[in-house]
Amino acid sequence: MPELGRAALVVALGLTVYATLAGGLAARRRRRRLALSAQNALLAAFAATAVAAGVLVAALARHDFSFVYVAQTTSSDLPLAYTLSAFWGGQEGSLLLWLLVLTGLGAAAVAFGRRAGQDVLAWVVPVIGGVATFFALLVVVVESPFATQVAPAEGAGMTASLQNPYMIAHPPLLYLGYVGLAIPWAFAMGALLARRADERWIVATRRWTLAAWAFLGVGQLVGAKWAYEEVGWGGYFAWDPVENAALMPWLAATAFLHSVMIQEKRGMLRVWNVVLVVLAFALSLFGTFLTRSGIVASIHAFAQGPIGVWFVTFIALVLAFSLYLLFTRLPQLRSRTRFESLVSREATFLYNNLLLVAFCLTILWGVLFPILSEAIRGEQRTVGPGYYNFFFKSFGLPLLLLMGIGPLIAWRRASLRALGRTFLWPLGAAIAAGVVLLALGAGSSPLGLIAYTFSAFVLASIVLEFARGTRARRALGAPTWPAAFAQLVAHNRRRYGGYVVHAAVLLLVIGVIGSSLYQTVREEALRPGQAMTAGEYTLAYRSLDERDSQNAQEVRAVLDVSRNGRNLGTIETGKNTYPIEQQTSNEVAIRSDPLTGEDLFVIADQIDPDGTVYFKVFVKPLVNLIWIAGLVFVLGSLVTLWPDPREARRLAARSERLRSAEA
Amino acid sequence: MIALSVAALLAVFLLYTSIAGGTTASVQPSQLAGKVGTVQLAGKVVGPVEREGRTLRFTLRDVEGTATVRVVYSGSVSDQFRPSRDVYLRGRLANGVFVGEKDSLVTKCPSKYVPKKGTDSGSA
């Protein structure tokens, strides 16, 4: 069996090399049949990689510990779902997954990417082939998932904290996002190589970009949820380098998604868009590299392996290749339309882009700071959460405001009088919300008050957009209000799906602000029988229970909870000890209030032998809006992704118009 | 224009990092001598770990080396904390003992299932 896996990967490597070389030759010499053969090689590479993946899955399912990988990541009593999820639990499997997703998505994108034009497509194949060759090389030469050994009696088991349903979904979602960003990059490179600097590569990859971006976004939220429930320190995001690793490409991709709309509509920002797609892809490679190389100290331990050098070299190659192409094709990328006004839809998109990219680069700077400071000053220095929070505020608040302004402002140039009329309602809503919140005591955090006032403004502008559109549809003859609403969304899925995503971001902001700036934290050491308060809650420590489960010893502190004197029942918080893995994990108690979205979050920080427990209690208002935001985000992404022939025709006609206007 | 705006924004955060001094030196026990003020200390825990209520006393050694320093710390401790683990914490040297800031101790996850290389499923 391992021989089959190894052989399949060698075949995959051969095929990706062929796709790169033959594809490049075919595109250069304009050989149709050779191009087709290279395209088929990409598909065959996917099939070969799938065979290798099948071998690994089978080995995991059979607990075949003669596979070093299986022995290192699982044990025989691990439940099946977690055993299979070990596919992406270790380095070799993760790289195999990269290759699998890349060849699969690549082959599909090429098969469905005819809209990009035949000449562009011919170049996309060798570009994707080149990236796939890198990953195939890694799994064949550097980190083979099929290394074998004399089978030990038992595997090393899986880290306790990873035995969580969210951890089954989180890594593959991120990989789909990371790898997915390779598609628009490859099409952009294909367009430059073919000297076709028009909008077709953007139109052809719009859905791939959106899907990759949505996966990356959802993947991060799933990771945050996991951290919140499983890691249990009372938070969900900590500016850790690996968290930043996923955030950076998402920010770059968010900027890209917005700026391509300007290029589609007005033919502007062509160079900028190529820069953004290069940035997004390079950052997703950098993200994989960060999580895999251990170059930056993070709470996640990654010792330095040989893989670091490979990744740095490859990222450098990708950047050099992209920038070389960009500079040599600059004359073709020059746009003929210019910005007409600093107060216009496209201008707000540009501000949004600058803020997103600036935020992305400040994070990158923070992540690289220890390495750079060591190289320059010989002393490693790190930036703390204060650094990231400062820029999160400085760039986040204007971004939030723009989310309300952008949709309401006219393209090209907006008159100030029209602006006043348009913003009357949202401004009114913002002021009203601010006054009400101040009366409710939200002034305890001025920053929170500002953010919430901005949020009300954005919410009002989104509602206004939907209301106006629905009214217009009704006037155009929709029989009922719901029908008018449905027609509105169906006729412009991209725009209104986008607004739904904006609403999700708003929920996220409200949840993050509420749970961080307005949280209550209390710490106290209690003996059984004693009680403590946190906010409106009273917690009475009743007893300490010990019990054995299938693979762990569980210790639980039982607490009676009441709120404002009303009994809310009991909760249990404590620790699990896993003897095989020799690990302990915090098992926190979380009591959610379905009406207010508030959580009571209780950690048994330290349990002394005499029964004294050091409790850490958080009251986190509105925190559940963060998870609801995830659902709304998925909904909005689906609306924008849903196939829409009408819109496709409209896009095609528009880019045709732009092209003929330039010719 | 885009390039200029980006450059301006970059300048802002470069200024922030150099002037606001939001950075902390990250050192190992062997580099601790002569450091004034708050630093981030990284090292390997050497037992025994003495516990007294919320206060821990232990020794930190260079991850690859022999220099050591005594550490006093109180506050949250990860489940993963124990001798031979790599940890880092913020604090300052006082009379030869490194006094950690409350709740600043971070224990790196053990590389349990790929002993010599990186692990983790990329839990961001």
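**Close-up views of chain A**

**Figure 1. Four strands of chain A form an open sheet in the order E2-E10-E9-E8, with antiparallel pairing.** The model shown here and in the views that follow is predicted. At the edges of this sheet lie strand E2 (520-526) and strand E8 (589-592) of chain A, each of which pairs on one side only. Between neighbouring strands of the sheet the average turn is 15°, with direction ignored.

**Figure 2. An open sheet of five strands in chain A runs in the order E3-E4-E5-E6-E7, with antiparallel pairing.** Here the edge positions are taken by strand E3 (531-534) and strand E7 (583-587) of chain A, each pairing on one side only, and the twist from one strand to the next averages 25°. Strand E4 (residues 537-548) and strand E5 (residues 553-563) of chain A are linked in the antiparallel sense over 11 bridges; Arg547(A) has Glu554(A) of E5(A) as its bridge partner.

**Figure 3. Helix H14 (residues 345-377) and helix H15 (residues 385-405) of chain A cross at roughly 165°, their axes coming within 10 Å.** Because of this angle, H14(A) is roughly antiparallel to H15(A), and the crossing in which H14(A) passes H15(A) is left-handed. The side of the contact contributed by H14(A) consists of Thr348(A), Tyr351(A), Asn352(A), Leu355(A), Leu356(A), Ala358(A), Phe359(A), Thr362(A), Ile363(A) and Gly366(A), which meet Tyr387(A), Tyr388(A), Phe391(A), Phe395(A), Pro398(A), Leu399(A), Leu402(A) and Ile405(A) of H15(A). Sorted by class, the residues of the contact between H14(A) and H15(A) comprise 14 nonpolar, four polar and no charged.

**Figure 4. Helix H16 (residues 416-439) and helix H17 (residues 446-475) of chain A pack with their axes 8 Å apart, at an angle of about 145°.** The crossing of H16(A) and H17(A) is right-handed. From H16(A), the residues Trp425(A), Pro426(A), Leu427(A), Ala429(A), Ala430(A), Ala433(A), Gly434(A), Leu437(A) and Leu438(A) take part, and they meet Leu449(A), Tyr452(A), Thr453(A), Ala456(A), Phe457(A), Ala460(A), Ser461(A) and Leu464(A) from H17(A). By class, the contact of H16(A) with H17(A) holds 14 nonpolar and three polar residues, with no charged residue among them.

**Figure 5. Helix H6 (residues 118-142) and helix H12 (residues 307-328) of chain A pack at an angle of about 165°, with 12 Å between their axes.** The angle makes H6(A) roughly antiparallel to H12(A), and their crossing is right-handed. Phe134(A), Leu138(A) and Val142(A) of H6(A) make the contact together with Ile307(A), Trp310(A) and Phe314(A) of H12(A). The residues of the contact of H6(A) with H12(A) are six nonpolar, with no polar and no charged residues.

**Figure 6. Chain A is divided into domain 1 (1-157), domain 2 (159-340), domain 3 (406-518 + 627-635) and domain 4 (520-620).** The centres of domain 1 and domain 4 of chain A, taken over C-alpha atoms, are separated by 45 Å.

Terms used: Residues are numbered from 1 along each chain as its sequence is written. Chains are lettered from A and ligands numbered from 1 in the order in which they are written. This is a predicted model: local features need pLDDT of at least 70, side-chain atom pairs count only at pLDDT 80 or more; totals for chains, interfaces and linings use all residues. Axes are lines fitted to C-alpha atoms, for helices over the stretch in contact, and angles run from 0 to 180 degrees between N-to-C directions. Helices (H or I, at least four residues) and strands (E, at least two) are DSSP runs, numbered from the N terminus. Angles under 35 degrees count as roughly parallel, over 145 as roughly antiparallel, 65 to 115 as roughly perpendicular and the rest as oblique. A crossing is left-handed if the near helix is turned anticlockwise from the far one by less than a right angle, and right-handed if clockwise. Two residues are in contact if their C-beta atoms, placed from the backbone, lie within 7 Å. Ala, Val, Leu, Ile, Met, Phe, Trp, Tyr, Cys and Pro count as nonpolar, Asp, Glu, Lys and Arg as charged, and the others, Gly among them, as polar. Domain bounds come from an automatic or database domain assignment. Two strands pair if DSSP finds at least two bridges between them.
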